[in-house]
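Welcome! Please take a look at the structure below, and then let us walk through some of its parts together.

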Amino acid sequence: MEAMKQHYVGPNDTIEVEESLLVLAPMHAEASEKIESKNTSFWREAWINLRKNKLAIAGLVFIVGIVIMSIIGPYLNGGADYAAQDLANSSQLPNGTDWFGTDDIGRSLWVRTWYGARISLFIAVTVAMIELAIGTTYGGISGFYGGTLDIVMQRISEIISSIPSLVLLTLLLVVFKPSIPTIIFAVSFTSWVGMSRVVRSQILKYKEYEFILAARTLGASNGRLIFKHLVPNVVGQLIVVVSFSIPSTIFFESFLAFLGLGLPAPLPSLGILISDGFKSMLLYPHMLLIPALVLTALMISFNLLGNGLRDAFDPKMK
Amino acid sequence: MAKEKLVEVKNLKQHFKVGGGRVVKAVDDVSFDIYKGEVFGLVGESGSGKSTTGRSIIRLYDITGGEVKFDGQVISGKIKGDLKRTLTREIQMIFQDPYACLNPRMKVVDIIAEGLDIHKLAKNKQERLEKVYKILEIVGLTPDHANRFPHEFSGGQRQRIGIARALITQPKFIIADEPISALDVSIQAQVVNLMQKLQKEFGLTYLFIAHDLSMVKYISDRVGVMYHGKLVELADADELYAHPLHPYTKSLLSAIPEPDPIYERNRQRIPYTADVHDYSQEGPEWVEIRPGHFIRANKAELVAYEKQLADKK
């Protein structure tokens, strides 16, 4: 092991250095300040990060596919009428004329599946937008102004969120007729609380950042602080919450339909189709399987995309 | 003294309620003046209230008691909107954390021009851009940095962007809240030199808050030492470093590292606890022991300090 011994230069050793070898390295002030990397904005960087995530992109592709099909799908296979009955051709298996087969009163399952996806998505997206509007405003005000106002607002939102939405919904559907607006109202009545909590916590976090203090010392108004400084920093989080809220609303709507609290016949939604198909599951499993597959694909895709977005917007959270 | 006072802080108190009825006296009865064109250093350990003092002066906090004057006008408490607008132009702040002090979603040009936008100091887009380019050049950056986002810059560059943002409204007084403590040592010198250059060019007055004593000595004309929310000693920088009187100041000075291994090996640190003061008989007061040299002490201590000064001379 003697050969491995290394030689260290101690504080008392002197080292001979040839003076002529010492040359000052050239220094360019301009060059040292130059940034070689490409100019990347926040959105571009998020997109680049997202693109690396294969699963999230697969989710995105599926979602886009299902959205396109829910728009144009019903027109591709015969008539677009989801209520048209053809009793002579009831309970058909998937075949050349009816691509997904027909249900027990002869309605085209192809038309009904895509139309149902359209309604489910419409409800989910509308609920998400309502959540976004109410939740952002409420959470933003509560977090930004703080103090007593914050305490009062938080207690109110706690009370609202403690109402079981199922009980509320049952009551609402007893009073009003079940319809798309009633369901949207009933679901969004309590679900905006989650969004407002996310916004509030984000605002509370950023409010103490030095760039907010800097803007204050420059005399920025509250409006400027909120819209120029706080909101742009929270947008990423909001998109993530929305991408998780959509599948949960779709799921909740299906659950209601299964309980018999869904949309009135003959309106289809994914939940209603599943609940109808369940009744003849043993004889005609395709009636259950097809809408269930679309629902599953939609849910998984949104969750994968949501996960991908969360990582893309905030790589540190991985 | 013929020097003109720019900032006068009188009996400044900043207390925070922390729940459970407890009150933290972050700044407690602090008085000092800052003269036009000088660098006033404020040192002390973490939590001694030096940053809070700076933030109270610039009105980020509503003060609990006392008074702050700027250019002869009272600027603490309730003031008129006009004066507020003037103040937000004339007093600016440089922050500690170069990573948190720039909005990550804004381009550098918009960050720097914020003061112009708020106070409508640029007539049109062209003028706004020109002003930003000019200030970028002053702080040693280039116009093509304007369209980039903060995350693309190094700590030193970001700090200079923060300085550019503070300078654009042409302030008279800048509060630098530990502007260099988050930076690499080589970059610290760069930023401090830039600040000194700007001071000469624009006739600025600084309140320089820091805990790095060697840097404070280098840049400051006068230095105040804070401990637990109170100012314990204040003097010209040279005087304070040559004849420290208060035991806390002595303790701080004994902790300055020297680039000398033999000195460092034999360093004698002077520990400090508040127990060395016996204030049971008589409380301390803020006294001018020599012209321009203030200290917080009671009568018994003053006698001892006088003796120390006499012995040294």
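In this predicted model, strands β7 and β8 of chain B run parallel and are paired over five bridges.

How many of the five residues of β7(B) are buried? Five of the five residues in this strand, which spans 173–177, are buried, so β7(B) is largely enclosed by the rest of the structure. Both of its faces are covered: B:F173, B:I175 and B:D177 lie on one side, and B:I174 and B:A176 lie on the other.

Next comes β3 of chain B, residues 39–43. Five of its five residues are buried, so this strand too is largely enclosed by the rest of the structure. Cover is found on both faces of β3(B), with B:V39, B:G41 and B:V43 buried on one side and B:F40 and B:L42 buried on the other. Five bridges tie β3(B) to β8(B) (residues 205–210), and the two run parallel; within that pair, B:V43 faces B:A210 as its opposite number. With β9(B), residues 222–227, β3(B) forms a parallel pair over four bridges, and there B:L42 has B:G224 as its bridge partner.

These strands belong to an open sheet of eight strands in chain B, with the order β6-β7-β8-β3-β9-β10-β12-β11 and mixed pairing. Which strands stand at the edges of this sheet? They are β6 (91–94) and β11 (285–290) of chain B; each has a single partner strand, so one side of each is left without a neighbour in the sheet. On average, neighbouring strands of the sheet are turned by 20 degrees against each other, direction ignored. An antiparallel pair in it is formed by β10(B), residues 230–236, and β12(B), residues 293–297, joined by two bridges. In this pair, B:E233 is opposite B:I295 of β12(B).

Chain B also has an open sheet of four strands, ordered β2-β1-β4-β5, in which the pairing is antiparallel. Its edges are β2 (23–35) and β5 (73–74) of chain B, each with a single partner strand, so one side of each is left without a neighbour in the sheet. Inside the order, β1(B) (residues 5–17) and β4(B) (residues 65–70) run antiparallel and are joined by five bridges. One of the bridge partners to look for is B:E67 in β4(B), which pairs with B:K10. Helix α1 of chain B, residues 50–57, packs on this sheet and touches β1, β2 and β4 of chain B. The direction of α1(B) makes about 115 degrees with that of β1(B).

Here are some of the strand pairs of chain B side by side.

| Strand pair | Sense | Bridges |
|---|---|---|
| β7(B) and β8(B) | parallel | five bridges |
| β3(B) and β8(B) | parallel | five bridges |
| β3(B) and β9(B) | parallel | four bridges |
| β10(B) and β12(B) | antiparallel | two bridges |
| β1(B) and β4(B) | antiparallel | five bridges |

Now let us move to chain A. The axes of helices α9(A) (residues 222–259) and α11(A) (residues 285–313) come within 9 Å and cross at roughly 165 degrees. That angle makes α9(A) roughly antiparallel to α11(A). The crossing of α9(A) past α11(A) is left-handed. Among the residues that make the contact are A:I239, A:F244 and A:P247 of α9(A) and A:L298, A:F302 and A:R310 of α11(A). By class, the contact has 14 nonpolar, five polar and one charged residue.

Helix α10(A), residues 270–279, has eight of its 10 residues buried, so it is largely enclosed by the rest of the structure. The buried residues include A:L270, A:I272 and A:D276. Their cover includes α4 (109–145), α9 and α11 of chain A.

Finally, where do the two chains meet? 20 residues of chain A are in contact with 27 residues of chain B. On the side of chain A, the elements giving two or more residues are α8 (210–217) and α9 of chain A. The largest share, seven residues, comes from α8(A). That side of chain A has 10 nonpolar, seven polar and three charged residues.

Terms used:
Residues are numbered from 1 along each chain as its sequence is written. Chains are lettered from A and ligands numbered from 1 in the order in which they are written. This is a predicted model: local features need pLDDT of at least 70, side-chain atom pairs count only at pLDDT 80 or more; totals for chains, interfaces and linings use all residues. Axes are lines fitted to C-alpha atoms, for helices over the stretch in contact, and angles run from 0 to 180 degrees between N-to-C directions. Angles under 35 degrees count as roughly parallel, over 145 as roughly antiparallel, 65 to 115 as roughly perpendicular and the rest as oblique. A crossing is left-handed if the near helix is turned anticlockwise from the far one by less than a right angle, and right-handed if clockwise. Two residues are in contact if their C-beta atoms, placed from the backbone, lie within 7 Å. Ala, Val, Leu, Ile, Met, Phe, Trp, Tyr, Cys and Pro count as nonpolar, Asp, Glu, Lys and Arg as charged, and the others, Gly among them, as polar. Two strands pair if DSSP finds at least two bridges between them. A residue is buried if 20 or more other C-beta atoms lie within 10 Å of its own, exposed if 12 or fewer, and partly exposed in between; C-beta atoms are placed from the backbone.
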